[in-house]
Structures are given as C-alpha cells and as structure tokens.
Amino acid sequence: SISGRREFYGSMLRITPAVLIPRPETELLVELALERAAPGARVLDLGTGSGAIAVALACERPDLAILGTDLSEAALAVARRNVCDLGAAVDLVRSDWLEALAPGRFDLIVANPPYVSEKDAHLGQGDVRFEPRLALLGGEDGLDCIRKIAACARGHLRPGGRLFLEHGYDQGDRCVDLFRDFGYSDVETVEDLAGLPRVCAGRAASVSLSPAAVS
C-alpha cells in the first residue's frame with residue numbers, strides 16, 4: 001500500500017490508502033477555481049479525499065470560505081490532518097456528494113469525482129492498485145458520479161455560480177453534453193498541460209432551478 005507524503009500545488013500532503021494520490025493534472029481544477037473565484041467566494045470541494053484541492057485553495061486564497069465533503073470517514077480523517085498541518089481554513093463535513101448540504105449556498109463547486117470505467121484495464125496497474133475503489137470507479141461508462149453531481153449541483157449554486165468537474169481524457173464531449181442537458185450555460189472543456197480535455201466547466205442559470213431527479 002501507499003502511505004506517506006505527496007506534493008500538490010506547493011504543499012506536502014499526508015496520504016494513506018484511504019485516499020486518492022493527488023495528481024498533477026488535478027492542479028488545473030485549483031487554477032480554474034482561483035481564476036474564477038471572486039473575493040470572499042464560497043467554494044465547495046466535493047469528495048475532498050486528502051483535502052488536496054480545498055487545502056490548495058485555502059493556502060492561496062485565505063479570503064475564500066471553503067467546505068470539503070467526503071462520504072468516507074477515513075478520508076476525512078486524512079483531510080483533517082492536512083488541514084491542521086498546513087493551517088488551512090477549511091471546514092469538513094461528511095456527506096454523500098451534496099446530500100447533507102443546504103441548497104443554494106455556493107459560488108463555486110469543484111470536484112475530482114470517480115470517473116474510471118469498471119472495465120478499465122488500468123485498474124490493475126501502478127498506483128491505482130492501492131487506491132480506494134470508491135474514489136476511482138464511476139460505473140460502467142465512468143460517468144455515474146459526474147452525472148449525479150451535475151444534476152444536483154445546480155440546486156446548491158447561487159445564480160451564475162460555476163461548476164468545475166475533472167473527467168477522463170476521453171470523456172470531454174460526453175461531459176459537455178451532460179452539462180448542457182442539465183441546463184448549465186457557458187459550458188466548456190479545459191485542457192490540461194498535456195493538451196488533453198480534463199475539466200468540464202459550466203455556469204448555473206441566473207434563475208435558480210430545482211435539481212433534477214437522479215436515479
């Protein structure tokens with residue numbers, strides 16, 4: 001198994017087998033959030049894991065009000081250690097995506113959700129072998145969690161608020177379609193440093209919509 005420390009966005013983070021190992025391509029989510037977050041913005045990091053994204057945002061922008069959620073208590077314990085070690089102003093809450101949260105509160109929602117297909121051949125290779133399946137697998141097509149977040153996030157964004165979701169290199173077009181289907185505007189895919197589609201971005205309608213029912 002893999003334990004110890006990994007560097008992410010300039011900070012050394014503790015990691016354990018309970019969390020995903022922070023990867024360089026996920027720094028794009030941090031950059032986009034920093035770029036788009038107005039002073040004092042409320043930011044939600046869904047499935048925070050080690051707390052990598054939330055901690056990076058807090059260290060770069062102490063003005064932001066940041067909440068991280070995770071379903072896994074073991075992951076939250078790791079995130080709490082990292083928040084404490086780095087003196088980051090981040091609140092942490094146990095929640096299955098957005099279920100435990102009140103509607104309509106956030107200017108920005110970011111997530112690196114599970115997006116690996118259950119049939120992906122890479123699951124038996126490299127670091128992935130030691131990472132929690134809960135944090136990796138996104139159903140048969142890899143999009144189950146992205147679909148659920150995109151559907152529910154609108155009800156938790158302020159009008160004009162933004163959603164940023166990391167996805168697999170070959171999922172960009174499908175994510176754009178999903179975001180549009182759920183009523184987001186200004187939908188775009190942003191490429192990572194390798195030139196691969198990596199983050200889907202969308203803006204909540206200026207009139208609040210009720211979240212679509214998700215099976």
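Here is a short chat about a few spots in the predicted model above.

Visitor: Before we start, what kind of model is this, and which pLDDT do side-chain atom pairs need?

Guide: Residues are numbered from 1 along each chain as its sequence is written, and side-chain values use heavy atoms, leaving out hydrogens and water. It's a predicted model in which totals for chains, interfaces and linings use all residues, local features need pLDDT of at least 70, and side-chain atom pairs count only at pLDDT 80 or more.

Visitor: Is strand β4 largely enclosed or open, and how many of its residues are buried?

Guide: Strands here are DSSP runs of E with at least two residues, and helices are runs of H or I with at least four, numbered from the N terminus. Buried means under 20% relative accessible area, exposed over 50%, and partly exposed in between, using a 1.4 Å probe and protein chains only. β4 covers residues 65–70 and is largely enclosed by the rest of the structure, because the number of its six residues that are buried is five.

Visitor: Which residue of β4 is the bridge partner of R42?

Guide: Two strands pair if DSSP finds at least two bridges between them. Strand β3 (residues 42–46) runs parallel to β4, with five bridges. For R42, the partner in β4 is A65.

Visitor: What handedness does the β-α-β crossover from β4 to β5 have?

Guide: β4 also pairs in the parallel sense with β5 (residues 90–94). A crossover is right-handed if, with the strands pointing away from the viewer, the path from the first strand over the helix to the second runs clockwise. The chain goes from β4 through helix α3 (residues 73–85) to β5, and this crossover is right-handed.

Visitor: Is the pair of F179 and Y184 stacked, edge-to-face or tilted?

Guide: Rings of Phe, Tyr and Trp (its six-membered ring) pair if their centres lie within 6.5 Å; planes under 30 degrees apart are stacked, over 60 edge-to-face, and the rest tilted. By that rule there's one aromatic pair. The ring centres of F179 and Y184 are 5.2 Å apart with planes at 40°, so the pair is tilted.
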